[in-house]
Amino acid sequence: MSTITDKIQNHKFIVIGRDGINTLGVVRALGEIGIRPYLVLWTIPELCKYSRYVQECYLSRTLDKGYQYILSKFGNEKEKPFIFATEDETVSCLDRHFDELKDKFFFYHAGEQGRITRMMEKGYLPQLAESCGLKIPKTEEVRNGELPTTLSYPVITKSPTSTFYNWKSNVHVCYNEAELMRAFKQINQERVVIQEYIEKVDEIDYEGFVINDGRDLYMPLNNRYYRTEKDSYGNYAYIERNPRPELIEPIKKLFEKTGYNGIFEIEFLVDKNGQTYFLEINFRSSAWMYAFHKCGVNLPYMFAQSLLQGQLDVSSENIRKLPFSLMFSRADFRESVLTGKVSFWRWLREFLSTDCLLVYNRHDMKPLWGKVYYWLRHRSM
C-alpha cells in the first residue's frame, strides 16, 4: 500500500493472541500492506505461525509468559512498538499492566490500569450504554442455581465476564424454570448473567477504532448476517454502510465515557419489531476485521497511523464494493449444511461467490495446510 509512511515503518508491530482467525486476520491485514508483524502465540499453533507474513513467531505456554517475552524483547525500542491483542483475555492482560506498558508501547487501553477489565464485566457496559440513549435487554446477575426475580421466560445465560475462556459453553436459551436449572448444572462459574431472551431477526456489528480517550471515532462500516444462530453470531455475513444512523450519536457518547483507545467491535441485536438492543463492546478487532481490510478499510494500519498523528488519519480508506460478503467456511458448513438448515449445493454456490474467506487465501496457503495437517494428525490418534 503506497500510503504507508517511512515514519510508521520505523515501528515494530507485534500481534499477541490465541491461534485462530482473529489473530490470523490481523497478521494478514498488516502483512498484505507490507508490514510483517512479530507474532506471539500462547496456544497450540495450527494456523497463524505458518503465514508468510509473520516476521518471527514466539510460542508461549501461557499468556503471562507471552507478555513477559514482549516486555523483555521489545521494551526498550527507540520507537514505541505497536501491540495488537486479538481476544479478551489478552486485552485484559495488557490492561492490567497499563502502568508498566504505557511509556514503552502503543496498545489498546482506557487511560488507567484495570479499566478495560472492569468494563468487560457484563453488567458494566449495558448501564453505561443505557445512560447514552441505547436500548438494552433486561438483565440480572445471580449465584449459580439462583432464580432471577425480575425476568420472564425465555431467558439466556451468559458468563459474567468476557475474559472467561470458552464462554460459549455457558450460553443457554431457557424457556422455563426447569431448563434454567439444567443449564446451571452445565455452567462452571459461581456467578451467572441471566438476560431476557429476545428473538433476533438480525445482528448489526460495527467495526472501527477510537483515539484520544474515546473522543475521536472512526466507524465507517458494519457487518450483518445472512444467517444467525439463536444463541450465537453467524458465520456468513456481509459488510455495508450504517443501516441505523440513529445509533451513531449514542455510540459516540458511549465511547467518550469509556475513555477507550483502540480497535473495537460494538454489537447490536434487532428483534422482530425492528427494535435495536445494545449487546456489548469487544475491546479488540473481531474475526471479521480481515474482511474489512479486503473491502478497503485497514483498521490496524489506520489506528496506528492515527496514533502517530494524534488525530484521525483515514486517508488510506479505499472501499471496493458494498455489500461485501465474508464467510468462515468451516464453521458455516458445520452449522448450516451438517445440521440440514442449508443444502450442500446452495452452500457451495454461496461459498464460491463469497468476496472474502477467513482461512483460505491463495496468496497465503500455509495456514490452511497447517490446519488440515493438525486435524488429520489428531483424528488419527
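Select Ile-204 to begin: its bridge partner in strand 12 is Phe-268. You are looking at a predicted model, so local features need pLDDT of at least 70 and side-chain atom pairs count only at pLDDT 80 or more, while totals for chains, interfaces and linings use all residues. Residues are numbered from 1 along each chain as its sequence is written, and side-chain values use heavy atoms, with hydrogens and water left out.

**Stop 1: strand 9 and its partners**

Colour strand 9 (200-211) and strand 12 (residues 262-271). Helices (H or I, at least four residues) and strands (E, at least two) are DSSP runs, numbered from the N terminus. Strand 9 and strand 12 run antiparallel and are joined by ten bridges; two strands pair if DSSP finds at least two bridges between them.

Ile-204 stands opposite Arg-224 in strand 10, and seven bridges hold strand 9 and strand 10 in an antiparallel pairing. Strands of a sheet pair through backbone hydrogen bonds, either parallel or antiparallel.

Is strand 9 largely enclosed or open? Eleven of its twelve residues are buried, so strand 9 is largely enclosed by the rest of the structure. Buried means under 20% relative accessible area, exposed over 50%, and partly exposed in between (1.4 Å probe, protein chains only).

**Stop 2: the turn of the hairpin**

Move to the four residues between strand 9 and strand 10, where Asn-212 takes a positive phi near 55 degrees. Asp-213 is partly exposed, with a relative accessible area of 35%.

**Stop 3**

Next, find an open sheet of four strands in the order 3-2-1-4, with parallel pairing. Its edge strands are strand 3 (56-59) and strand 4 (82-85), each pairing on one side only. Zoom in on strand 1 (residues 13-17) and strand 2 (residues 38-41), which run parallel and share four bridges. Here Val-15 stands opposite Leu-39 in strand 2.

Two helices belong in this view. Helix 2 (residues 21-31) lies across strand 1, strand 2 and strand 4, and runs at about 165 degrees to strand 1. Helix 4 (residues 88-96) packs on the sheet, touching strand 1 and strand 4, and its direction makes about 140 degrees with that of strand 4. Contact means heavy atoms within 4.5 Å; axes are lines fitted to C-alpha atoms, for helices over the stretch in contact, and angles run from 0 to 180 degrees between N-to-C directions.

How many residues of helix 2 are buried? Eleven of the eleven are, so helix 2 is largely enclosed by the rest of the structure. Among them are Asn-22, Arg-28 and Leu-30.

**Stop 4: two cis peptide bonds**

Select Tyr-153 and Pro-154: the peptide bond from one to the other is cis, with omega near 5 degrees. Pro-154 is found in the loop between strand 5 (139-143) and strand 6 (155-158). Then jump to Leu-322 and Pro-323, joined by a cis peptide bond with omega of about -5 degrees. Pro-323 is in the loop between helix 11 (299-309) and strand 14 (324-327).

**Last stop: helix 14**

Where is Trp-375 found? Look in helix 14 (residues 366-379). At 48% relative accessibility, Trp-375 counts as partly exposed.
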